[in-house]
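Hello,

Here is the structure I promised to hand over. Please open it first; my notes follow below.

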Amino acid sequence: MVARVSAFIFTCLLVSTPAGAQSRQFGPATGTVSIRQVQVAFIGSGAIGGGTLRFNKRNYDITVGGLGIGGIGASRLTATGSVYRLANVEDFTGAYIQIREGWAIGDEGRGTLWLRNAKGVVMRLATKRRGLQLSLGADGVLIGFKQ
């Protein structure tokens, strides 16, 4: 129980640290990404969607899906931001750990997503949300390329 509470507090601190300070520690952005997805949460959470990775002057269509904990409600979100530490496009796909925070009430809503995979690829995304949701939690996310 203590480990779970500690992990939750660490997650909250990570999300609340100024974004500029976190981005600098990853070096320059190596790409950009935009994602569109639907999120539903009631203690547990789920999300499905897709988007585009821009890397080395090329666009790649991606799929995104995940399950996690934290939050309540439902929203559609669009997220855009930077990709860090991506050297090879093949390193982009796979399982990510996502930390999220955000809110939505009707057409108003914002948030932030931080994602990191085992190959060291990191994404920081700003979200715009529509719906009715309060989101603070962690997820496992699978990202792949559309065939």
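A strand here is a DSSP run of E with at least two residues, and strands are numbered from the N terminus. By that rule, I43 sits in strand β1. Please keep in mind that this is a predicted model.

First, the chain as a whole. The protein chain has two helices and five strands. Read from the N terminus, the order is α-α-β-β-β-β-β. Of the 147 residues in the chain, 40% are buried. The accessible surface is about 8200 Å². Carbon and sulfur atoms hold 63% of that surface. Take the contacts in the chain with a separation of 6 or more: 69% of them join residues 24 or more positions apart.

Next, confidence. Mean pLDDT for the protein chain is 86, and 84% of the residues reach 70 or more. Residues 1-21 are another matter, with pLDDT below 50. That stretch has 10 contacts in the model beyond near neighbours in sequence.

Now the surface. A nonpolar patch is formed there by F42, I43, I72, W103, I105, L132 and L134. Together they have about 800 Å² of accessible area. Which elements give two or more residues to the patch? They are β1 (29-55), β3 and β5 (122-145). Back to I43, a member of this patch. Its relative accessible area is 62%, so I43 is exposed. The cut-off for exposed is over 50%.

G66 belongs to strand β2, which covers residues 58-84. Is G66 buried or exposed? It counts as buried, because its relative accessibility is 15% and the cut-off for buried is under 20%. Setting aside neighbours within four places in sequence, G66 touches S45, G46, A47, G140 and V141. Take S45 from that list. S45 and G66 are 21 residues apart in sequence, and their C-alpha atoms are 8.2 Å apart in space.

G94 lies in strand β3, residues 94-106. G94 counts as partly exposed because its relative accessibility is 26%. Leaving out neighbours within four places in sequence, its contacts are V141, L142 and I143.

Best wishes

How values were computed
Residues numbered from 1 in each chain as written. Predicted model: local features only at pLDDT ≥ 70, side-chain atom pairs only at ≥ 80, totals over all residues. Heavy atoms only, no water. Helix = DSSP H or I, 4+ residues; strand = E, 2+ residues; numbered from the N terminus. Buried < 20%, exposed > 50% of the residue type's maximum accessible area, 1.4 Å probe, protein only. Contact = heavy atoms within 4.5 Å. pLDDT = per-residue confidence, 0-100. Areas by Shrake-Rupley, 256 points an atom, 1.4 Å probe, with all protein chains shown as cover. Patch = residues over 30% accessible without salt bridge, like charges linked within 9 Å, V, L, I, M, F, W, Y side chains within 5 Å. Salt bridge = Lys/Arg side-chain N within 4 Å of Asp/Glu carboxyl O.
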